[in-house]
Amino acid sequence: MNIVHVLLSGGIGSRLWPLSRKHSPKQYLGLFDGKSLFEMTVQRNQQVAERVIVVGNKDNTHLSHKAMVSCGLPYKNIVEATPRNTAAAIAFAAFSVDPDDILIVTPSDHMIAGDEAYRSAMEEGIEKAKEGFIVTFGIRPTRPETGYGYIEFDGDEVKSFREKPNQDTAEDFIEKGNFLWNSGMFCFQASVFLEELKKYEPAVYERALTVWKASKEGFLDEDLSLAIPSISVDYAVMERSKKIRVVPTSFDWSDLGSFESLYDYFISSGYPKDDQGNIVIGTDIFTGFVGLKRAIFVHTKDAFLIIQKEKSQDVKKIYNMLEKHQSKLLD
């Protein structure tokens, strides 16, 4: 039985545009003392896993390879020709290992602090996975966050999964005290996951298996892949299986999925700001703010973004507008 770290690296980080682009997503940006979130995730999981599988897409496989070389680790590469969401991506990893291998599945773009607490949580998850459970890791919430999904729990039992709430509902979750943020990290035996996927989403299972059998050195066929239903692992398995358990964690966590969370991380790390809490990302050119508080100025070679910290979720609207016009600013 091997412990295998499965790294999901296909995301593009659209809410961090213009820093994050299709051909240079946020997980590969060296924003953290020269390191990327991808590299930090690989190194963090070395303490619990013996092997690494990277599941990415054809547009960024060269970036993940460069990062893995930088980490000095061998790895198995699975390259999706077209994104089919997380249920299929995880299925490919599960098909590629022995049935009794235990997979620790993580995104490649999250910030986590507290190595000892992380290792302890993963080891607890591994023990539950050995008992035949599918384990999710919940983060104890520090604020009524509307950008995350939630897990309602009792001990290690999952009572329900909740979608991203509005502000009032998020405040209610915090007050009740039995809700965790959904981290998007999982642990299970490969065979157990595949059995549950086959039970609840047989079309995803069968078509993903067809694609995997036709793969060549980890590269997946595009035409065959398009037949796979695009379904998240949360909907396909986590919200429906009777084998789910949760490990409430105690490490610091952020998905760094918005400029608000990036701002909070930077400020907590001593990043320079002016007297009104305004910050600049991407340039050393003097930038003055007048009449603004907690604003973020983002500078890239072909685009500027000026945003109020609390409105950072709305960056997706700019991204969607550019996508509608097929702008090269997304590349």
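Student: What do the buried residues of α11 pack against?

Tutor: Let's sort out the words first: helices (H or I, at least four residues) and strands (E, at least two) are DSSP runs, numbered from the N terminus. Buried means under 20% relative accessible area, exposed over 50%, and partly exposed in between, with a 1.4 Å probe and protein chains only. Contact means heavy atoms within 4.5 Å. The buried residues of α11 pack against α10 and β14 (304–308).

Student: What kind of model is this?

Tutor: Residues are numbered from 1 along each chain as its sequence is written, and side-chain values use heavy atoms, leaving out hydrogens and water. Local features need pLDDT of at least 70 and side-chain atom pairs count only at pLDDT 80 or more, while totals for chains, interfaces and linings use all residues, because this is a predicted model.

Student: How wide an arc do the buried residues of α11 cover around the axis?

Tutor: In helix α11 (residues 315–324), the buried residues are Val315, Tyr319 and Leu322. They sit on the same side of α11, since around the axis they cover an arc (taken from the directions from the helix axis to the C-beta atoms) of only 65 degrees.

Student: Which exposed residues are on the face of α11 turned away from its buried side?

Tutor: Look across the helix from Val315, Tyr319 and Leu322, the buried residues of α11. On the face turned away from that buried side you'll find the exposed residues Lys317 and Lys324.

Student: How many aromatic pairs does a search of the whole structure find?

Tutor: Rings of Phe, Tyr and Trp (its six-membered ring) pair if their centres lie within 6.5 Å; planes under 30 degrees apart count as stacked, over 60 as edge-to-face and the rest as tilted. Run that search over the whole structure, and the number of aromatic pairs is 14.

Student: Which type of pair do the rings of Phe188 and Phe193 form?

Tutor: Phe188 is buried, at a relative accessible area of 0%, and Phe193 counts as buried at 0% too. Their ring centres are 4.8 Å apart and their planes are at 15 degrees, so the pair is stacked.

Student: Which ring does the charged end of Arg44 sit over?

Tutor: A charge sits over a ring if NZ of Lys or CZ of Arg is within 6 Å of the ring centre and within 35 degrees of the ring normal. Arg240 does this at Tyr235, 4.8 Å from the ring centre. The charged end of Arg44 is 5.7 Å from the centre of the ring it sits over, that of Tyr118.

Student: How many salt bridges does the structure hold?

Tutor: Side chains of opposite charge can pair when their charged atoms come close. A salt bridge is a side-chain nitrogen of Lys or Arg within 4 Å of a carboxyl oxygen of Asp or Glu. The structure's number of salt bridges is 18.

Student: How many residues apart are Asp156 and Lys128?

Tutor: Asp156 and Lys128 form a salt bridge, with the closest N and O atoms 2.9 Å apart. Asp156 is in the loop between β7 (150–154) and β8 (157–162) and Lys128 is in helix α4 (residues 115–130), distant parts of the chain whose separation in residues is 28.

Student: Where is Lys309, the salt-bridge partner of Asp264?

Tutor: The side chains of Asp264 and Lys309 meet in a salt bridge at 2.8 Å, N to O. Asp264 is partly exposed, with a relative accessible area of 31%, while Lys309 counts as buried at 11%. Asp264 belongs to helix α10, and Lys309, 45 residues away, lies in the loop between β14 and α11.

Student: Which side chain makes a polar contact of 2.7 Å with that of Glu152?

Tutor: Glu152 is in strand β7 and counts as buried at 13% relative accessibility. A polar contact is a pair of N or O atoms within 3.5 Å; within protein, one must be able to donate a hydrogen and the other to accept it, and residues adjacent in sequence count only if both atoms are side-chain atoms. The Glu152 side chain makes one with the side chain of Arg162 at 3.2 Å. At 2.7 Å, the partner is Ser160.
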